[in-house]
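Hello,

Here is the structure for your set.

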Amino acid sequence: MAVARLMVIAAGVNKDMARIIAGIGTSHIPAIGAAVDNGKTGEAYWQPLMNGIKPAREWMKNTRPDVCIIVYNDHASAFSLESISTFSIGVGDVFPPADEGYGPRKVPVVEGHSELAWHIAESLILDEFDMTMVNDMPVDHGLTVPLTIMYDQPDAWPCKVIPLSVNVVQYPQPTGNRCYMLGKAIRRAVESFGDDLTVAVFGTGGMSHQLQGERAGVINRDYDLKWLDKLVNDPESITGINHTEYMRETGSEGIELIMWLIMRGAMAANINEVYRFDHVPVSNTHYGLTILENRL
Ligand code: DHB
Ligand code: FE
């Protein structure tokens, strides 16, 4: 046993500590949740998407992270323009699905990991990222749709979830660089938690889409895929992209992509992209999915 532990430590993994094993980038398009909840995934429209996410679900079944830190944005469900927090972390024990106007989704309640979440909050704040701590909040499609994409329809979500929400709705949003640096700080936080836990970090939202205004319907697959290549292989080359470029190239809601930079920041420099899928259109959006594993 002691020898086995020494060998894992020698391989760069300390089994006594929490560790980030994977990063997942995925769009969080609400229509995907509605299609699954209402039994419509057999329809021709949904087939390419459902076939594309099948390997991701297989990977998730084999990987089974204990905890998922899901970086998402609240779409005025838990929060509103009365109070806008740039970065928040859910430190509570449970987060019910939000009522977004047509009743809460009939999906399991999200169970938090309060102890790890408070540890991360403390570590981030001492690392000079001033998080808002949230004990009670409902979670909307930004968080529950990625769970559906990766886990389908279980009776209970197979992982604990730490919601980490980012303001991408109201200008001024944080910069891509700040998001990337926050990801690095999340990695330091997780790796200083003295419990044997495997953790996956989700970055959600995107890819290009604009739901409103004169340019409603913007989709820019070429730009998205080049951006994604850089996210995987050379993330520092895209941390300087400003809000105007995101708006111009990926539409007003494409800026959700900055949340994928938090996920990437939480990963090692050396990673393997073990799966990628994209499809146009899903609703009014370019759907994108990537799965990254830390290389030992
Ligand atoms: C859509 C996409 C989103 O990211 C969102 O938050 C709401 C709607 C869409 O494509 O319909
Ligand atoms: Fe969104």
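How far is an oxygen atom of ligand 1 from an N or O atom in the side chain of Thr-285? The distance is 2.4 Å, which counts as a polar contact (a pair of N or O atoms within 3.5 Å). Ligand 1 also has an oxygen atom 2.5 Å from a side-chain N or O atom of Ser-283, and one 2.7 Å from a side-chain N or O atom of His-141. On its own, ligand 1 has 290 Å² of accessible area (Shrake-Rupley method, 1.4 Å probe), and the protein covers 89% of that.

This is a predicted model, in which local features need pLDDT of at least 70, side-chain atom pairs count only at pLDDT 80 or more, and totals for chains, interfaces and linings use all residues. Residues are numbered from 1 along each chain as its sequence is written, chains are lettered from A and ligands numbered from 1 in the order in which they are written, and side-chain values use heavy atoms, with hydrogens and water left out.

The residues around ligand 1 (a heavy atom within 4 Å) include His-28, His-75, His-209 and Glu-256. By type, this shell divides into 3 nonpolar, 7 polar and 1 charged, with Glu counted as charged and Gly as polar.

As for disulfides (cysteine sulfur atoms within 2.5 Å), the count is 0. Cys-159 is in none, and the nearest cysteine sulfur, that of Cys-68, is 3.5 Å away. Cys-179 is in none either, with the sulfur of Cys-68 the nearest at 20 Å.

Regards

Notes:
Polar contact = N/O pair within 3.5 Å; in protein donor to acceptor, adjacent residues only side chain to side chain.
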